Amino acid sequence: VGRDQLLAAAERAIRSEGPDATMAEIASEATVTKPIVYRTIGDREALTLALSEQLIDRINAAVEAERREGSDPREEFVAAIRAYLRTVVADRNLFLFVYGGQEAEVVHQLVDRSSAQMIELFTAARTAAGRDPVAAHSWAHAIVGALQMVTLMWLRDQYCDFDTVADDLTQLLWPGVATVGD
């Protein structure tokens with residue numbers, strides 16, 4: 001059994017057992033022993049990385065398939081988001097395995113705790129600006145995710161000073177809070 005066959009078996013096991021599928025369940029699906037899985041793919045972290053690469057390739061292919069030459073930028077943006085979400089929904093358990101697995105639970109708890117106040121603040125501001133509370137809540141989660149990712153990249157790459165990144169984020173986010181409409 002080769003690497004590709006083991007990764008395919010891992011996906012089948014994750015689809016059937018859920019995002020908490022164990023290495024033993026994956027080995028069983030492949031009809032091999034756990035040592036063979038470890039020797040061929042590596043530990044759970046290596047498996048997660050390999051599966052995430054496959055999932056990212058699927059997402060990128062789905063988004064690329066939606067691109068239309070000369071289309072309206074907003075329509076293309078909407079199509080890309082829908083393609084991303086369709087791909088994730090089609091591989092829900094795989095997405096949750098890759099991005100929300102057992103190892104990520106502590107990180108998720110920290111993210112939830114650190115973002116709760118910001119989500120509440122953004123939701124309240126957006127609702128006060130006339131948005132539907134459910135839409136405001138989705139927007140708040142999206143903005144907090146973007147804020148966290150920009151912060152991570154800024155800290156890692158140090159591509160500008162504090163004031164610049166703070167001003168850029170404010171310019172990006174404030175129009176979504178302050179305006180009503182599309």
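Reply: Let us begin with a pair of helices. Helices are DSSP runs (H or I, at least four residues), numbered from the N terminus. The model is predicted: local features need pLDDT of at least 70, side-chain atom pairs count only at pLDDT 80 or more, and totals for chains, interfaces and linings use all residues. Residues are numbered from 1 along each chain as its sequence is written, and side-chain values use heavy atoms, with hydrogens and water left out.

Me: Which residues of α1 and α6 meet?

Reply: A contact is defined by heavy atoms within 4.5 Å. On the α1 side are E11, I14 and R15, which meet N93, L94 and F97 of α6.

Me: How should I read the nonpolar core, and which residues touch the most other members?

Reply: A nonpolar core is a set of buried Ala, Val, Leu, Ile, Met, Phe, Trp, Tyr and Cys residues joined through side-chain atoms within 4.5 Å. Buried means under 20% relative accessible area, exposed over 50%, and partly exposed in between (1.4 Å probe, protein chains only). The largest such core here has 24 residues, and L47 and L51 touch the most other members. At least two residues each come from α1 (3–17), α2 (23–30), α4 (44–66) and α6 (92–100); α1 gives the most, with six. Beyond its neighbours within four places in sequence, L47 contacts L7, A10, M23, I26, I41 and F97. A second, separate core has seven residues, including I119, W139, A140 and L173.

Me: Is T87 buried or exposed?

Reply: T87 counts as buried, because its relative accessibility is 11%. This residue is in helix α5 (residues 73–90) and, residues up to four places away in sequence aside, touches R58, I59 and A62.

Me: What is the radius of gyration of the chain?

Reply: The radius of gyration is taken over C-alpha atoms, and the globule rule is 2.2 Å times the number of residues to the power 0.38. The chain has 20 Å, whereas a compact globule of 182 residues would have a value near 16 Å. The chain contains nine helices and zero strands.
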